[in-house]
Amino acid sequence: MRIRVRPVTRLSGTIEVPGDKSVSHRAALLGAVASGRTEITGYLEGEDCLNTLRSVEKLGVLVTRKGPGHYLVDGAGTGARLLLGVLAGQPFWTFLTGDASLRQRPMKRVAEPLAAMGATFVGRQDGGRLPLGVRGARPLRAYVYASPVASAQIKTALLLAGLWAEGPVSVTEPAQSRDHTERMLAGFGARLSVDGRTVTITPGRELRGQAVAVPGDISSAAFLLVAGALVEDGRVTVARVGANPTRAGLLDVLASMGARVERGVESSAAGEPVTDLTTASTALRGTHVGGELIPRLIDEVPILAVAACAAAGRTRITDAAELRVKESDRIGAIAAELGRMGARVAERPDGLDIEGGVRLRGATVGSGGDHRMAMALVVAGLIAEGETVVEDTACINTSYPGFVAAVNSLAGRVCAEELP
């Protein structure tokens with residue numbers, strides 16, 4: 001599938017984005033291992049999250065769809081990396097696989113600490129790539145782990161495994177990653193403590209099913225919010241967005257670039273802060289993005305790179321080597337594809353240097369099967385001169401089914417057209 005994009009001068013309106021991908025994954029997994037029924041509303045019906053539901057069904061959990069985004073999960077009393085944590089505590093063999101993209105992503109960073117707790121992994125590259133066989137153990141050993149990277153996936157897998165450990169399991173990170181797992185585990189009744197960058201789960205307390213209302217995904221909202229700031233006449237409001245501080249680095253960076261970002265009244269859903277976010281047309285300036293900001297916006301770097309192209313001056317992104325092991329090598333992909341559109345982008349080992357102030361040119365570009373790259377390139381097409389064609393865009397359904405319709409709704413006309 002391809003998307004043909006024509007430039008626009010106006011984006012205006014209020015819109016809601018699909019449910020948060022991270023929260024959806026965790027709601028399904030915790031509902032699967034909790035006692036009783038978990039009712040989830042606002043669940044993201046994208047490919048990754050639907051695969052999580054299918055996975056827990058294959059493990060014997062009853063999942064009932066009541067309507068769009070509305071599921072009942074009757075527990076047995078992220079995807080793949082998060083699921084490893086659950087399976088590590090189950091005393092049977094399970095075999096995991098995935099699509100071509102997932103089979104290229106490193107699993108050893110999760111498998112090695114879980115193996116130290118007593119689980120067994122067999123698979124490609126000495127258990128470092130899918131397909132993987134997992135033989136859990138019960139109980140797992142108590143464990144103290146210092147993670148070399150700030151990764152919510154590693155942290156979550158170990159905390160979930162800790163539910164079946166013989167004693168406390170602690171994870172310390174070099175910088176804080178997103179804390180959806182900690183919030184949701186506490187809501188389901190787990191015995192959890194947080195001391196700075198160290199999170200400890202103590203087993204022995206039964207999890208109980210909950211009602212989980214999934215907020216809108218700020219990573220999906222990011223594309224529309226940045227578009228609203230970049231077009232000539234823009235004012236875009238995304239309603240009911242999760243505004244978890246560990247995920248809201250995008251808002252801090254936009255503010256440092258001079259963007260007009262307005263927050264509505266804050267409420268709460270599933271233990272997560274929720275609000276309305278609004279951006280409007282602004283002359284942006286370059287900035288530096290690095291350090292502890294990176295874990296708070298790691299998924300937003302592709303769209304921030306588009307914003308940097310339109311900003312005056314240089315934007316430097318550092319400390320983001322993690323981007324090389326996402327759905328694609330996002331550092332290389334950003335440099336290559338925005339470069340095709342005339343952007344001045346220099347690739348660094350751990351980031352990018354982007355010289356702004358040059359209008360992008362329409363071009364044929366490719367997502368590489370990466371949903372966030374695809375949507376970022378669509379937004380780039382909205383501010384480019386001439387027509388842009390983004391290839392390999394079926395991947396957008398991973399996180400934002402209906403993205404093209406949302407863009408056209410805000411534009412008031414068909415500016416993005418899906419082609420076979």
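Helix H1 (residues 21-33) packs with helix H8 (residues 180-187) at an angle of about 35°, and their axes lie 10 Å apart. As throughout this passage, the values come from a predicted model. The crossing in which H1 passes H8 is right-handed. On the H1 side, the residues that take part are Ser22, Val23, Arg26, Ala27 and Leu30, and they meet His180, Thr181, Met184 and Leu185 of H8. Sorted by class, the residues of this contact comprise 5 nonpolar, 3 polar and 1 charged.

From H9, the residues Ser219, Phe223, Ala227 and Leu230 meet Arg372, Met375, Ala376, Val379, Leu382 and Ile383 in H13. The contact of H9 with H13 has 8 nonpolar residues, along with 1 polar and 1 charged.

In soluble globular proteins, nonpolar side chains tend to be buried together. The largest nonpolar core in this model holds 80 residues, of which Leu11, Leu224, Val238, Val306, Leu338, Met341 and Phe403 touch the most other members. Helix H13 (residues 371-383) supplies the largest share of this core, with 10 residues. Another core, of 58 residues, lies apart from it and includes Ala28, Leu130, Tyr143 and Ala161.

Aspartate 370 sits in the loop between strand S22 (364-366) and H13. With a relative accessibility of 0%, aspartate 370 counts as buried, since the cut-off for that class is under 20%. Beyond its neighbours up to four places away in sequence, aspartate 370 touches Glu327, Ser328, Arg330 and Cys395.

Proline 295 is found in the loop between strand S18 (288-289) and helix H11 (301-310). This proline 295 also counts as buried, at 14% relative accessibility. Proline 295 and glycine 249 are 46 residues apart along the chain, and a distance of 8.2 Å separates their C-alpha atoms. Setting aside residues up to four places away in sequence, proline 295 touches Ala150, Ala175, Gln176, Ser177 and Thr246.

Proline 91 occupies the loop between helix H3 (80-87) and strand S6 (93-96). At 42% relative accessibility, proline 91 counts as partly exposed. Alanine 137 is 46 residues away from proline 91 in sequence, yet the two are 4.9 Å apart in space, C-alpha to C-alpha. Other than its neighbours within four places in sequence, proline 91 is in contact with Arg135, Gly136 and Arg138.

Technical notes:
Residues numbered from 1 in each chain as written. Predicted model: local features only at pLDDT ≥ 70, side-chain atom pairs only at ≥ 80, totals over all residues. Heavy atoms only, no water. Core = buried A, V, L, I, M, F, W, Y, C linked by side-chain atoms within 4.5 Å. Buried < 20%, exposed > 50% of the residue type's maximum accessible area, 1.4 Å probe, protein only. Helix = DSSP H or I, 4+ residues; strand = E, 2+ residues; numbered from the N terminus. Contact = heavy atoms within 4.5 Å. Nonpolar A, V, L, I, M, F, W, Y, C, P; charged D, E, K, R; others polar. Axes fitted to C-alpha atoms, helices over the stretch in contact; angles between N-to-C directions. Left-handed = near helix turned anticlockwise from the far one by under 90°.
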